[in-house]
Amino acid sequence: MSFGEYVVSRWGTLSLAAAEHALVVAIAIALASVIGIGVGVLGHGSPRVREGSIAASAAILTVPSLALLTLLIPLTGLGWGSTLIALTAYAFLPIIRNTVTGLRGLDAATVEAGRGMGLSRPRLLLRVQLPLAWPLILTGIRISTQMAIGIAAIAAFVDGPGLGNQIFEGLSRLGSVNSLNATLAGTLGIVVIAVLFDLFFAAVRHLTTPRGLRVRVRP
């Protein structure tokens with residue numbers, strides 16, 4: 001059976017696995033973005049929070065993904081729970097670091113002008129600081145997303161959702177009929193998902209970033 005015939009014959013299974021892969025990544029990145037940006041906002045003005053959060057999120061990245069997923073099994077079981085927690089944890093560092101860097105790198109005169117207009121600290125943050133730092137924050141989210149898409153494939157070891165199951169199914173019976181097709185289908189599917197996510201974030205960046213900032217911050 002050729003690769004094309006394999007894809008056609010298993011289109012339902014492959015499309016469902018691809019949808020689950022994209023969904024688990026999207027949920028994890030949404031959680032990591034909300035928490036990470038919040039921590040970054042707190043950390044940009046507090047050295048203790050900043051250094052502690054960046055150190056902790058960096059330490060998580062040193063833990064092998066398979067080891068972390070396995071350690072989570074007694075707590076959250078097999079499947080979606082362990083996968084979501086692991087992906088969210090791995091996504092923190094780029095988001096927190098870029099949020100802190102973006103907020104701390106703002107032009108002091110611009111921030112002072114906002115204060116001079118009588119803006120409270122929350123309004124200054126929401127109307128001036130976060131919009132100006134947004135391109136760099138979004139870059140961190142894009143980096144985290146690409147990392148999560150790849151790591152999600154490893155979650156197949158703990159019965160996680162996604163195309164990793166196709167890859168490991170093929171590898172487990174390498175040399176048998178359609179083993180290479182299964183591995184190739186899972187791998188190419190993940191590449192397509194990564195490209196689609198990146199195109200989505202490119203569109204978000206184009207729609208939410210003022211023209212003057214687009215040329216200054218690139219992913």
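Mentor: Accessible areas come from the Shrake-Rupley method with a 1.4 Å probe, and in this predicted model the accessible surface of the chain comes to about 11,300 Å².

Trainee: What share of that accessible surface belongs to carbon and sulfur atoms?

Mentor: Carbon and sulfur atoms hold 69% of the accessible surface of the chain.

Trainee: What percentage of the residues in the chain is buried?

Mentor: Of the 219 residues in the chain, 43% are buried. As for contacts with a separation of 6 or more, 75% of them are accounted for by residues 24 or more positions apart.

Trainee: Which residues make the nonpolar surface patch?

Mentor: The patch, of about 520 Å², is made by Leu23, Ile27, Leu31, Val34, Ile35 and Trp80, and helix α2, which covers residues 11-43, gives the largest share of it with five residues. Leu23 is a residue of this helix α2.

Trainee: Why does Leu23 count as partly exposed?

Mentor: Partly exposed is the class between buried, under 20% relative accessible area, and exposed, over 50%; Leu23 counts as partly exposed because its relative accessibility is 44%.

Trainee: How far apart are the mean positions of the positive and negative charges of the chain?

Mentor: The mean position of the 16 positive charges and that of the 8 negative charges are 14 Å apart.

How values were computed:
Residues are numbered from 1 along each chain as its sequence is written. This is a predicted model: local features need pLDDT of at least 70, side-chain atom pairs count only at pLDDT 80 or more; totals for chains, interfaces and linings use all residues. Side-chain values use heavy atoms; hydrogens and water are left out. Buried means under 20% relative accessible area, exposed over 50%, partly exposed in between (1.4 Å probe, protein chains only). Contact means heavy atoms within 4.5 Å. Lys and Arg count as positive and Asp and Glu as negative; His and the chain ends are not counted. The place of a charge is taken as NZ of Lys, CZ of Arg, CG of Asp or CD of Glu. Patches are made of residues with over 30% relative accessible area and no salt bridge: like charges are joined within 9 Å, nonpolar side chains (Val, Leu, Ile, Met, Phe, Trp, Tyr) within 5 Å. A salt bridge is a side-chain nitrogen of Lys or Arg within 4 Å of a carboxyl oxygen of Asp or Glu. Helices (H or I, at least four residues) and strands (E, at least two) are DSSP runs, numbered from the N terminus.
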